[in-house]
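Visitor: Could you walk me through this one? I'd like to start with the fold and then get to the charges.

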Amino acid sequence: MSGAVQPTATRPNAPKSKRIILELGSGNDLHGGDYTKAAIRAVQDAIHHSSLSIIRSLGLDSRRMLVKVTIGVQRPDKVDAEAVRATLPHGQVSVLVVKGGLDVPDDTSGDIAVIASAAVAVRLDLPQPRG
């Protein structure tokens, strides 16, 4: 096909998405069993361990970052993924919620402590080295 753009993988020296940052965090909701609150706290814990100075130093546009968030909780259906996504300040964000984390019941009160884990991976399209 004349004039068609080749997929990135087949163009010579084309940018290819590479993971440049991986941060991990944990968060909890000690009373009330709010899985979304625990997930947001886990994401905030993860991103507050990181600085995007490499993005600024290289003059890259942070809006072009691909940010993949994976949340682990015992009840994935109870997490509002859109609320989690909205807490990320930069990039094109996707959120995947999977079974993981930990629920700690309090037999006396019937309450539950929810512990969530988060992995926040940042990818950027970087040019391939010339060889």
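This is a predicted model: local features need pLDDT of at least 70, side-chain atom pairs count only at pLDDT 80 or more; totals for chains, interfaces and linings use all residues.

Guide: Residues are numbered from 1 along each chain as its sequence is written, and side-chain values use heavy atoms, with hydrogens and water left out.

Visitor: In what order do the elements of the protein chain run from the N terminus on?

Guide: Helices (H or I, at least four residues) and strands (E, at least two) are DSSP runs, numbered from the N terminus. The chain has three helices and five strands. Their order is β-α-α-β-α-β-β-β.

Visitor: Which residue meets D29 in a salt bridge?

Guide: D29 sits in strand β1, and with a relative accessible area of 4% it is buried (under 20%; exposed is over 50%, partly exposed in between, with a 1.4 Å probe and protein chains only). Its side chain also reaches the backbone nitrogen of G33 at 3.4 Å. A salt bridge here is a side-chain nitrogen of Lys or Arg within 4 Å of a carboxyl oxygen of Asp or Glu. At 3.9 Å, N to O, the partner of D29 is K37.

Visitor: How far apart are the closest N and O atoms of R85 and E82?

Guide: Side chains of opposite charge can pair when their charged atoms come close. R85 and E82 are three residues apart in helix α3 (residues 81-85), so about one helical turn separates them. R85 is partly exposed at 33% relative accessibility, and E82 is partly exposed too, at 45%. In their salt bridge, the closest N and O atoms are apart by 2.8 Å.

Visitor: Which strand gives the most to the positive patch?

Guide: Patches take residues with over 30% relative accessible area and no salt bridge, joining like charges within 9 Å and nonpolar side chains (Val, Leu, Ile, Met, Phe, Trp, Tyr) within 5 Å. The positive one is formed by K16, K18, R19, K68 and R123. K16, for one, is partly exposed at 48% relative accessibility. With three residues, the biggest giver is strand β1 (residues 16-29).

Visitor: And what is the area of the nonpolar surface patch?

Guide: I20, I54, L58 and L60 make this patch. L60 lies in the loop between α2 (53-57) and β2 (66-73), and it counts as partly exposed at 33% relative accessibility. Accessible areas come from the Shrake-Rupley method with a 1.4 Å probe, and for residues only the protein chains shown count as cover. The patch comes to about 330 Å².

Methods:
Lys and Arg count as positive and Asp and Glu as negative; His and the chain ends are not counted. The place of a charge is taken as NZ of Lys, CZ of Arg, CG of Asp or CD of Glu. A polar contact is a pair of N or O atoms within 3.5 Å; within protein, one must be able to donate a hydrogen and the other to accept it, and residues adjacent in sequence count only if both atoms are side-chain atoms.
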